[in-house]
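Subject: A structure for you to explore

Hi there,

Here is the structure I promised you.

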Amino acid sequence: MEIHFLGVGEACDGNQPNTSILLKTGAVETAGRILLDCGFSVPHRYLSLHPSAEELEILWISHFHGDHFLGIPLLLLWFWEMNRAKPLTIIGPPGVEAKVKQAMELAYPNFISRFGYSLVFHEITPEEQLHVSDSTFKAAYNEHSQPSLSLRLELHGKSIFYSGDGRPTPMTRSLAHGCDIIIHEAYGFEDSVPGHGSIRACLDFAREAGTKRLALVHMQRDVRLQLVDEITEFQEKYTDLEIMLPEKGSTIAL
């Protein structure tokens, strides 16, 4: 499996596209792709990979802030333009179907009725497990300014934790336990911004979860530029934890 970071930035970062992760499993001919979040700047990053219109199988939406879901209309439009026929599964918090259709109608009125492919929606809450294709989806709420779901995704014997936005909660700590990798929002260096994670808290979170790999994303743009040296020091201190600060376009093998 490959974890490809289409973007790792927060909403207003002019250098790093919105945080979005593309999971690649196997050959395109035998397995599809899973996209985690799709904000304003994500579709062009996805299209730069020159995928076929049929590749993407599942789209996960953590919450309904624009830098996590308002790229969907353009992505769906491109699928229509390229004559996609395969259904697309979209998974997200309660209300995901209404939100996606509302966004599509605002961006491109009346286009959903013209699609040659169907949209299959699944709502998920922390009480559920959702099995789609070979994947198992489990979720838990973060502490954020609106309901935001962390995800535990299990497939092909691997487990990935993706935080979406927000500070850890007891529910997300339980969800992340034993995952092969944690990809977590770390907006600040310390817990100084309400509803957002921090680098220090993510380090503690990863250690408590028993993971060996931590990727820090969605970092505030100035923090990202100013604290590279400090993050390097953490990497030297936390020798039991591989700490990654991925750039747009970087790939991790799992």
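Predicted model: local features only at pLDDT ≥ 70, side-chain atom pairs only at ≥ 80, totals over all residues.

How many bridges join strand 4 to strand 5, and do these strands run parallel or antiparallel? There are 3 bridges between strand 4 and strand 5 (residues 88-92), and the two strands run parallel.

Helix 3 (residues 72-81) touches strand 3, strand 4, strand 5 and strand 6, and its direction makes about 165° with that of strand 4. Helix 4 touches strand 5 and strand 6, and its direction makes about 140° with that of strand 6.

Now zoom out. The open sheet is formed by 7 strands in the order 6-5-4-3-2-1-14, with mixed pairing. Strand 6 (119-123) and strand 14 (251-253) are at the edges; each has a single partner strand, so one side of each has no neighbour in the sheet. From one strand to the next, the twist averages 20°. As a reminder, strands in a sheet pair through backbone hydrogen bonds, in either a parallel or an antiparallel way.

**Strand 3 and its neighbours**

With strand 2 (residues 20-24), strand 3 is antiparallel, and 4 bridges join the two. With strand 4 (residues 56-60), the pairing is parallel, again over 4 bridges. Arginine 33 takes part on both sides: this residue is the bridge partner of lysine 24, and it stands opposite leucine 56 in strand 4. To get from strand 3 to strand 4, the chain passes through helix 1 (residues 42-47), and this β-α-β crossover is right-handed.

Which way do the side chains of strand 3 point, and are they buried or exposed? Arg33 and Leu35 point one way, Ile34 and Leu36 point the other way, and all of them are buried.

**Salt bridges**

The count comes to 11 salt bridges. Here are some that I would look at.

Glutamate 97 and lysine 101 form one of them, with their closest N and O atoms 2.7 Å apart. Why can these two meet? They are 4 residues apart in helix 4 (residues 96-107), so about one helical turn separates them. Both ends are partly exposed: glutamate 97 has a relative accessibility of 36%, and lysine 101 has 35%.

Another salt bridge is between the side chains of arginine 173 and glutamate 208, at 2.9 Å from N to O. This pair links distant parts of the chain, since arginine 173 is in helix 5 (residues 170-176) and glutamate 208 is in helix 6 (residues 199-209), 35 residues apart. Arginine 173 is partly exposed, with a relative accessible area of 34%.

Arginine 207 forms a salt bridge with aspartate 240, and here the closest N and O atoms are 3.0 Å apart. Arginine 207 lies in helix 6, while aspartate 240 is in the loop between helix 8 (228-237) and strand 13 (242-244), so the pair ties together parts that are 33 residues apart in sequence. Arginine 207 is partly exposed at 43% relative accessible area, and aspartate 240 is partly exposed at 36%.

Enjoy exploring, and write back with any questions!

Best wishes

Terms used: Residues numbered from 1 in each chain as written. Heavy atoms only, no water. Salt bridge = Lys/Arg side-chain N within 4 Å of Asp/Glu carboxyl O. Buried < 20%, exposed > 50% of the residue type's maximum accessible area, 1.4 Å probe, protein only. Pairing = 2+ DSSP bridges. Right-handed = clockwise from strand over helix to strand, strands pointing away. Axes fitted to C-alpha atoms, helices over the stretch in contact; angles between N-to-C directions. Contact = heavy atoms within 4.5 Å.
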